[in-house]
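Hi,

Here is the structure I promised to pass on. Have a look at it first, then read my notes below.

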Amino acid sequence: MKQNGDRRLELLSALERLRAEMGYSPSYHELKQALGWSSTDVVWRWAWRLFVEGCVAIDYGRARTARLTEKGRRTLLAGQKPAAGGQG
């Protein structure tokens, strides 16, 4: 079973990567496919968590507007750094 932090980082990374590749935000279905997750509901729940935490911004009433905030970018970068004491 994956840890919550892993899921958060996976979603932040996929959202940023797919936005860069496509030029606009991916749908929940596209995120589900890219991540290999079980359902779009799982993606939506994690996206909502990230929104509440301030890591993702969403424009209400408009499709495909999810994007990383500055806090989301910092969270993603912090999660991708090698652990202290690791090989360098």
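This is a predicted model: local features need pLDDT of at least 70, side-chain atom pairs count only at pLDDT 80 or more; totals for chains, interfaces and linings use all residues.

What is the volume of the largest pocket? It comes to about 230 Å³. Residues are numbered from 1 along each chain as its sequence is written, and side-chain values use heavy atoms, with hydrogens and water left out.

Back to the pocket (an open set of 1 Å grid points where a 1.4 Å probe fits, with protein on both sides within 12 Å along at least five of seven lines). Its lining has 16 residues (those with an atom within 4 Å of a point), and Y28, I58, R62, T65 and A66 lie nearest the centre. Helix α3 (a DSSP run of H or I, at least four residues) gives the largest share of that lining, 4 residues.

Now the helices. The axes (lines fitted to C-alpha atoms over the stretch in contact) of α1 and α3 come within 10 Å and cross at roughly 90°. That makes α1 roughly perpendicular to α3 (the term covers 65 to 115 degrees).

Last, Y24. You'll find Y24 in the loop between α1 (4-22) and α2 (28-35). Y24 is partly exposed, at 42% relative accessible area (between 20% and 50%, with a 1.4 Å probe and protein chains only). T65 is 41 residues from Y24 in sequence, yet their C-alpha atoms are 7.5 Å apart.

Cheers

How values were computed: Helices (H or I, at least four residues) and strands (E, at least two) are DSSP runs, numbered from the N terminus. Grid points are joined across faces, edges and corners, and a volume is the space filled by probe spheres set on the points. Axes are lines fitted to C-alpha atoms, for helices over the stretch in contact, and angles run from 0 to 180 degrees between N-to-C directions. Angles under 35 degrees count as roughly parallel, over 145 as roughly antiparallel, 65 to 115 as roughly perpendicular and the rest as oblique.
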